[in-house]
Amino acid sequence: MAVESQTIAAISTAPGRGAVGIVRVSGTDAGQIVTCLAGLLPLPRVATLRTLRSAAGDLIDQGLCLFFPAPASYTGEDMLELQVHGGPAVLRELLNACCAAGARQARPGEFTERAFLNGKLDLLQAEAVASLIESSSAQAARAAARACAGDFSLAVQGITQQLIELRVILEATIDFSDEIPAFSADAHTAKAFDNLRQDLQRLLQKAYAGARLAAGVEVAILGLPNTGKSTLLNRLCGEDRAIVTPIAGTTRDVLSVDVDLDGVLFRLHDTAGLRETADPIEHEGVRRARARALTADLIVQVLSAEAAALADPPEISAALARGQPVLRVINKLDLVNGTARFIPSATGGEVWVSALLGQGLELLRAALLEAAGVVDSAEAPFTARARHVRALEKTAEAIVEAEIQCRDGAIELVCEHLRLAHNTLEELTGVYTTEDLLGAIFATFCIGK
């Protein structure tokens, strides 16, 4: 896909006043533009103090000029950075001067789009740049930095290589069908499928965690009335955000609060107590609680320690059936002289606390991180977006279908499903893409990046 030849310019710092503002220029005319504004062309990659003037000779500001000749630049083109005082009027005047000297204003994400088209980044890395800028927590920023560094791309490439090797073996069976006996899946082929499926599943789990990090972990707090859901929310966010009374049905709507736990953003949703009621307002609150449960990444089920042995309500059973993690929080342990503890499990685990007294809160924070699957470690996730998760799920489905057809001996169908899986993976990194896809991706970027 050809890169547009026109030189582009944009203000790269955030709107508003600041000590320093930056205007970026990329394209074949970048050197000519800095000469028009500042006189002599600066030495490559050397910050040079210059007086910047408009084409009419009017003083704009005094600032630093940095020139990066192609291909050793972010975009792979000649690139210019002008660092001046960060007043909006100064930056607008400087941008206008760059455009008068031969540039046009850049579209959102156009600098990174050119970096992708010039082979400086693959598509996963390019999207990770936007995720890094948008990061709302320290863990999300680290995950985005891993994707920028190519961790996600390398994992996809490893699976793609396995897929290519399997395709070569199986398609040779078709190409040389006159010389090779009728196809029958052997132990080697079965092992290759097994490895491919397992590696892809591990990558999908990291992508799920990365997507949660990027967007924040959505947590629905569910339970019967008066189990301490609102008290628990107040404890986790460190202030009285939810009204707490001994009257059942106090919470009527969903109250949402963002909480940073060890660098991870959790969006906590306190909900109405689950029960049947004739009160139309409370009934609507219960309906909203059930709706919130359907879209949550994690459900926190709050129970009173005095009634911890009660059977799960239908909402919790349905969540477990959907595969949603459920963390059971046994609250009010002060009423039973209990001890704070955390018992992990494959479905989310169980933690005993007293929200009223603040007992077990550190255990609860650790349990939330573990149940959400975003604990930082050597196997920490890299940032992922909904597009990436859908593509990996589609790839996994194609590979499972290919494996089924392989056992049935339908070699042509096997190769077709593997081809579809291969194409989907190449769409992830941008080896295969369309202008519509690129337009949709880079339109979400900020201008100047």
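Student: How do I read a strand pairing here: are strand 3 and strand 4 (residues 59-68) parallel or antiparallel, and over how many bridges?

Tutor: Strands of a sheet pair through backbone hydrogen bonds, in either a parallel or an antiparallel sense. Here strand 3 and strand 4 pair in the antiparallel sense, over 6 bridges. Two strands count as paired if DSSP finds at least two bridges between them. Strands (E, at least two residues) and helices (H or I, at least four) are DSSP runs, numbered from the N terminus.

Before we go on, a word on the model. It is predicted, with local features needing pLDDT of at least 70 and side-chain atom pairs counting only at pLDDT 80 or more, while totals for chains, interfaces and linings use all residues. Residues are numbered from 1 along each chain as its sequence is written, and side-chain values use heavy atoms, with hydrogens and water left out.

Student: Which residue in strand 4 is the bridge partner of R53?

Tutor: That is L59.

Student: What is the strand order of the open sheet?

Tutor: The open sheet has 6 strands in the order 3-4-5-2-1-6, with mixed pairing. Strand 3 (48-53) and strand 6 (104-105) each have a single partner strand and stand at the edges, so one side of each is left without a neighbour in the sheet.

Student: Which strands does helix 1 (residues 30-38) lie across?

Tutor: A contact means heavy atoms within 4.5 Å. For angles, axes are lines fitted to C-alpha atoms, for helices over the stretch in contact, and the values run from 0 to 180 degrees between N-to-C directions. Helix 1 lies across strand 2 (18-26), strand 3, strand 4 and strand 5 (79-86), and runs at about 75 degrees to strand 3. Helix 2 (residues 88-100) also packs on the sheet, where strand 1 (8-11) and strand 6 are among the strands that helix 2 touches. The direction of helix 2 makes about 155 degrees with that of strand 5.

Student: Can we turn to a hairpin? What stands opposite L261 in strand 9?

Tutor: V264 does. Strand 8 (residues 255-261) and strand 9 (residues 264-270) are antiparallel, paired over 7 bridges. Their hairpin has 2 residues between the strands, and D262 takes a positive phi near 50 degrees.

Student: How many disulfides are there?

Tutor: A disulfide is a pair of cysteine sulfur atoms within 2.5 Å. The count comes to 0. For C99, the nearest cysteine sulfur is that of C98, 6.8 Å away. For C406, the nearest is that of C415, at 9.0 Å.

Student: Is C406 buried or exposed?

Tutor: Buried means under 20% relative accessible area, exposed over 50%, and partly exposed in between (1.4 Å probe, protein chains only). C406 is buried at 3%, whereas C99 is partly exposed at 23%.

Student: And where does S354 lie?

Tutor: S354 is in the loop between strand 13 (350-352) and helix 11 (361-372), and is buried, with a relative accessible area of 0%.
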